[in-house]
Amino acid sequence: FTYYNNGVHWHLQALIDSIMPSWDVVVSSVTMGGATLQDHLENSSTTNMIREGDWDLVILQEQSSRPISEPEAFYNAAIGLNTLIQNAGARTGFFMTWAYRDNPEMYIPLRDAYNYIGAYLDALVVPAGVAFYNASQDYPDLNLYAPDNYHPRLHGTYLVACLMLAEIWGINPIGNSYIPQGLTREIAQQLKPLPGIQLRNTTIPAPWDACPCYPILRLPEIN
């Protein structure tokens, strides 16, 4: 989910650079097609990047159906990675994925599984699954899905990046000048309000199934 359309991390980097170019923000990711969080926990490339990257926040995304099909395995791997992340001096977050377009019944168990582990670990949860669900209810003609009906098309990736901008930094994406090539300004303006969250910081003017991965962010120091 996260690596599609050049990756959520790429669009998030562009959004934050657009509004806060003086911030020293580094956004990166580690992806393995078809992998689970357990696979990443056992993968030295992932664990070394967490240990050695000097990150402030590490966001985890489980394989898209595993929180439903194998919730205990999801929770155990998340706990193991959270320990690794905390030992590295970073904070853990989760990228809540969405129901497949042709299987909307996935929405509630996915939402509940991510919220449960987020509460248990006192971790940030980026509610992309909720944003996709709300979009489907409020704008039924707006398609956020790729032709396979579970990965995101560019519209969905951009929505997730806008949501991460708001959830991580409390920055309203409305008015941000970054619009990815392939989206019209009109569509971008429709997507930006869809996160539908209560921003934690509104003092700044408005200007990721088969592909689980880790957007990893180095946040700026604010004096």
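I counted rings of Phe, Tyr and Trp (its six-membered ring) as a pair if their centres lie within 6.5 Å; planes under 30 degrees apart count as stacked, over 60 as edge-to-face and the rest as tilted. I worked on a predicted model, in which local features need pLDDT of at least 70 and side-chain atom pairs pLDDT 80 or more, while totals for chains, interfaces and linings use all residues. Residues are numbered from 1 along each chain as its sequence is written, and side-chain values use heavy atoms, with hydrogens and water left out.

**Aromatic rings**

I found 14 aromatic pairs in the structure. I took helices (H or I, at least four residues) and strands (E, at least two) as DSSP runs, numbered from the N terminus. Tyr116 is partly exposed, at 47% relative accessible area; buried means under 20%, exposed over 50% and partly exposed in between (1.4 Å probe, protein chains only).

I next looked up Phe94 and Tyr114, whose ring centres are 6.4 Å apart with planes at 65 degrees, so the pair is edge-to-face. Phe94 belongs to strand 3 (residues 91-95) and Tyr114 to helix 6, so parts 20 residues apart in sequence are tied together. I noted that Phe74, Tyr75, Phe94, Tyr114, Tyr116 and Tyr120 form one aromatic cluster.

Tyr114 sits in helix 6 (residues 107-121) and is buried, with a relative accessible area of 0%. Leaving out residues up to four places away in sequence, I listed its contacts (heavy atoms within 4.5 Å), among them Gln61, Glu62, Pro67, Phe74 and Val125.

Arg66 is in helix 4 (residues 66-69).

**Helix 3 and helix 5**

Where do these two helices meet? I found Thr47, Ile50 and Arg51 of helix 3 against Leu81, Leu84 and Ile85 of helix 5. The residues of this contact divide into 4 nonpolar, 1 polar and 1 charged; Ala, Val, Leu, Ile, Met, Phe, Trp, Tyr, Cys and Pro count as nonpolar, Asp, Glu, Lys and Arg as charged, and the others, Gly among them, as polar.
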